[in-house]
Amino acid sequence: MPTDAPFPPIPFTPPKAVFKDMSKNAPAATAHVPLPSSAAAAANAIVMDPEVNSAAIDDKAPSGSAEKPVLPTFSLDGRTVVITGGAGGLGLVMAKGLVLSGAGVALVDLNDTEAASQISVLEAAFKDAHPTLSSVPRVTAHKVDVSSEESVAACIGAVVSVHGKIDGLVTSAGFTETIQSIDYPIDRMRKLWAVNVDGTYIFAQQIARHLVKEKRGGSMVFIGSMSGSIVNVPQPQAPYNASKAAVRHLCASMAVEWAPHQIRVNTISPGYMLTALTEKILEANPDLRDAWVGGTPQGRMGAPEDLMGPVTFLLSDASRFVTGADLRVDGGYTVM
C-alpha cells in the first residue's frame, strides 16, 4: 500500500455518548449519609458541594497494611494534621486516610460533638488495618468557626496544647448553593465566601505563623473543586465557582511566598462525588446524572474514598518537591 494512500474514514462517536455507555457497567460508588446544612434550608438552594456531604466511614474503604510494601515516604507517622470540616463529609473520609497512614489528626468543625463521636471510629479503623501495631495515632475534636480569626486562633492553640505541634492542614470546610446569579442575594454570597475563602485564608495564615515561629516546614492541602477551573452545567452556582477559583490561586500565591520557609501548599480539586445527598438529588433529576456521568471519561462519579490517596500523598514527603499544584480528582471531566 503506498505510503501516501488515504486511510479509510473512521466513524466518529461523540465522546460523551461513549462515556455515558461506559457508565452503565461502571462500579457503583460508595454513598454516605449527609449532615444537615443551614445553607440548604433556603428556598431554591441545593447543597451539593462535596466538602459538606457528610459521610459515615465505609468499612470497605481502601486501607493500609503493615504486611504490604509501601514507599516509606508516603507514611505520615509522627505527623499532626488539622482538618477543617472534619466531623463529616469528605473531611471525615480524608481524616480516615490520614489516620491509616499514621498521622495524628485534629478534627476541627463547628459541630464538635459530631467530630468527637468519630474519634473512636477512626481509632478502631487504624487498629483493624494495622493489627500488629500497638501505638495508635491520636485523634482529637475541636470546635471552630472557620470565618472567625479569634475562633481559629483559639482552636489552633488547643490543638498545639494537646498534640504538641502541627505539621499539616487540610481545609475541607465549605458549601455551595445552586441559585441563579440574577437572584443570588449579596449577603448569602458573603456568607459563602466567609467559609470557603476566608476560612481557608485564616487557617492557612495562622498555621503558617506557627510553623515559621517554630522554624519547621509543613504541608497544606486546600480542598478546592474542579468548579474553580470550569463552569458547571446545567446547575447555576457562580459564587461558589468563583470562591473555588480564589482558593486555587490563593494556594499558588501562598506556595510561592512560603516556599523559603519549607511550607508547601497544594490544592485538590474534586469532580462530581457520589454521596447520599447527591444520590438523592440525582434520583430526582436523572438528566443531571446523565450530564455529570456522561461528561466523565471514567464513566462514573467519584467515591469519597478516592480522595484518601491524593491527600496523603500531598501531605507526605513523597511530594516534597510539589508545591503550588492543583491535583484534579475528577475522572477526567475537566480535560474534555
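A residue counts as buried under 20% relative accessible area, as exposed over 50% and as partly exposed in between (1.4 Å probe, protein chains only). The views show a predicted model, in which local features need pLDDT of at least 70 and side-chain atom pairs count only at pLDDT 80 or more, while totals for chains, interfaces and linings use all residues. Residues are numbered from 1 along each chain as its sequence is written, and side-chain values use heavy atoms, with hydrogens and water left out.

**View A. The protein chain as a whole, with its 10 helices and 7 strands.** Helices (H or I, at least four residues) and strands (E, at least two) are DSSP runs, numbered from the N terminus. Of the 336 residues of the protein chain, 50% count as buried. When contacts (heavy atoms within 4.5 Å) between residues at least 6 apart in sequence are considered, 78% of them join residues at least 24 apart.

**View B. T334 in the segment after strand 7.** With a relative accessible area of 15%, T334 is buried. Leaving aside residues up to four places away in sequence, T334 touches M226, I230 and R328. The C-alpha atoms of T334 and S227 are separated by 9.2 Å, although these two residues are 107 residues apart along the chain.

**View C. The aromatic cluster formed by Y272, W292 and Y333.** A search of the whole structure finds 3 aromatic pairs, where rings of Phe, Tyr and Trp (its six-membered ring) pair if their centres lie within 6.5 Å, and planes under 30 degrees apart count as stacked, over 60 as edge-to-face and the rest as tilted. The rings of Y272 and W292 form a stacked pair, because their centres are 4.1 Å apart and their planes lie at 10 degrees. This pair links distant parts of the chain, with Y272 in the loop between strand 6 (263-270) and helix 8 (276-284) and W292 in helix 9 (residues 286-294), 20 residues apart. Since Y333 lies in the segment after strand 7 (326-329) and Y272 in the loop between strand 6 and helix 8, the pair ties together parts that are 61 residues apart in sequence. Y333 also counts as buried, at 11% relative accessibility.

**View D. The packing of helix 8 against helix 9, at an angle of about 115 degrees and with their axes 5 Å apart.** Axes are lines fitted to C-alpha atoms, for helices over the stretch in contact, and angles run from 0 to 180 degrees between N-to-C directions. On the side of helix 8 the contact involves E279, I281, L282, E283 and A284, which meet P286, L288, R289 and W292 in helix 9. By class (Ala, Val, Leu, Ile, Met, Phe, Trp, Tyr, Cys and Pro nonpolar; Asp, Glu, Lys and Arg charged; the others, Gly among them, polar), this contact has 6 nonpolar, no polar and 3 charged residues.

**View E. Helix 2 (residues 89-100) packed with helix 10 (residues 308-315).** The angle is about 55 degrees, and the axes of helix 2 and helix 10 are 9 Å apart. V93, M94, K96, G97 and L98 of helix 2 make the contact with M308, V311, T312 and L315 of helix 10. These contact residues divide into 6 nonpolar, 2 polar and 1 charged.
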